[in-house]
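Dear colleague,

Please read them with the coordinates open.

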Number of protein chains: 2
Amino acid sequence: MSADPEWRTVRRVRTHEQVLIQIQERILNGQLRIGDRLPSERELVQVLGVSRNSVREALRVLEAMGIIDAHTGSGRDAGSTVAGRSTDALSNLLRLHMALAQFRLGDLVDVRIELERLAVRQASAEADPAELTQLRSLTEAMTRPGLDHERFHELDSEFHIRLARASHNALAADLMQALRDAVKNEMLAAFARVHDWDAAVASLTAEHLAILTAVEAGQGDEAETLVARHIRAFYDSVGGESPSSD
Amino acid sequence: MSADPEWRTVRRVRTHEQVLIQIQERILNGQLRIGDRLPSERELVQVLGVSRNSVREALRVLEAMGIIDAHTGSGRDAGSTVAGRSTDALSNLLRLHMALAQFRLGDLVDVRIELERLAVRQASAEADPAELTQLRSLTEAMTRPGLDHERFHELDSEFHIRLARASHNALAADLMQALRDAVKNEMLAAFARVHDWDAAVASLTAEHLAILTAVEAGQGDEAETLVARHIRAFYDSVGGESPSSD
DNA sequence: TTCCTCTATGTGGTAGGACCATAGGGCTGG
DNA sequence: CCAGCCCTATGGTCCTACCACATAGAGGAA
């Protein structure tokens, strides 16, 4: 009596999910674009025939996904507008699932390496001078002596993310940034395990410089090799085998 | 009077965000693990000193992120439990941001190729016999004549996703699945543009078989080359240059 | 005793109302 | 003309009530 195809279990769809679905449909079929304003919460209550609670739950979810922004007040910015802030939402999502051990750190490193390779390869072909100039000044900033872990990580992240942006592949760049955000704490912990910090900084910075030089010269293959080695080397040296807790 | 370091603009943190933060903290530092039950909504109201609305908005966000599941009733499943359903949330997020044109289809294809390469390379080294058997039966299912677009896409997706799972890199597999979900409609549209459907199915299936054979033989490099060509060829043949609307 | 049924209780789900904080717009008085 | 005030629309929060659901336990029937 279980496999009877005549009967299908009813799927209970909560109200706020139905609201969510209707808004998502309008985004997916292009009726709602970035910058558009949604009706006010109270208007949605009227047109959808649901409570304001349900409307708000749907809007809060969309906001957490970076799909909409909400502002109080009247005129212009007020109300909910379609946004498109993908990066933060992606980071948050990955970080939490990382914490839930859905993903191993090693897995993430492997994925990151592939993304970095894609990034430098395409950056070698597509980066424009302004972007390269910014990258170069970043590598210089990293040579400044006395950088602490936090600050160095910041510059390091910015270098890799800007490199990804320079590839003009927005998805790769967003994913890269999200992955880096998601493992920031692990990275800082790894920094803390480094024996000779100054030497590590020097060699990492030198590697950055070499990668950037290859990108500037349009040598995509060389840049790929260098960036893969750059990441793998660091991870192998301090990444540790302990996959887990505390 | 604007750059005075003594004064910093206050950051308004809405209450439901504070609830969100507290729960996220407990996940990030390991206090909450998959399977754990959260206090009931009414209990959280008490201990946090906020309204049930705010609690619910936070929980709905977490649920949409695949972090928790919620069930009514009493005992066992009832209440909110920590879950870890990363895939659906990731797909949804990417699909919406794709629709908002945050990402170009070409960008996504490039990323997908890198992930597929990683997947087949590691699957060549790590896949176990059971997984390979399943993959092979999938390729056989795809040779069945008369498959419509929808059904073929389903099998095609399952092949690639199972291949990724066989690499034992959960992050890569999840991302792959999310990317495929996000562009399902574009894929079906591409199928509709194919002139000789039967011939296309035949060649795609043959390519799958070749990839799988390379993976079974542990020839990672060969599999990488084949899978990259497989995706690129299809996209170039029917992907079209039109990046956009309607 | 055993089994069934009904009830109590605890859970999330929904609704509606009230009020607050904010940010423009418009009016009013100087 | 302008400064200041009030009005209004928006999201933000809280509260209360009630519904739907699922289990556990009490109580009755065989």
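**Salt bridges and overall form**

B:Asp156 is buried, with a relative accessible area of 7%, where buried means under 20% relative accessible area, exposed over 50% and partly exposed in between, computed with a 1.4 Å probe and protein chains only. Please bear in mind that this is a predicted model, in which local features need pLDDT of at least 70 and side-chain atom pairs count only at pLDDT 80 or more, while totals for chains, interfaces and linings use all residues. Residues are numbered from 1 along each chain as its sequence is written, chains are lettered from A and ligands numbered from 1 in the order in which they are written, and side-chain values use heavy atoms, with hydrogens and water left out.

The side chain of B:Asp156 meets that of B:Arg180 in a salt bridge (2.9 Å, N to O), a term that stands for a side-chain nitrogen of Lys or Arg within 4 Å of a carboxyl oxygen of Asp or Glu. B:Arg180 lies in helix 8 (residues 170-182) of chain B and B:Asp156 in helix 7 (residues 149-166), so the pair ties together parts that are 24 residues apart in sequence. B:Arg180 is buried as well, at 2% relative accessibility.

In chain A, A:Arg136 forms a salt bridge with A:Glu216, with 2.8 Å between the closest N and O atoms. Because A:Arg136 belongs to helix 6 (residues 129-141) and A:Glu216 to helix 10 (residues 197-216), this pair ties together parts that are 80 residues apart in sequence. Both partners count as partly exposed, A:Arg136 at 28% relative accessibility and A:Glu216 at 33%.

Over all chains the structure holds 41 salt bridges. A network of them links A:Arg14, A:Glu17, A:Glu57, B:Glu41, B:Arg52, B:Arg56, B:Arg60 and B:Glu63.

As for the fold, chain A has eleven helices and two strands, these being DSSP runs numbered from the N terminus (helices H or I, at least four residues; strands E, at least two). The radius of gyration of chain A is 23 Å, well over the 18 Å that the globule rule gives for 246 residues, so the chain is more spread out than a compact globule; the radius is taken over C-alpha atoms, and the rule is 2.2 Å times the number of residues to the power 0.38. Along the principal axes, the C-alpha atoms of chain A fill a box of roughly 65 × 55 × 35 Å, and buried residues make up 49% of the 246 residues.

With kind regards
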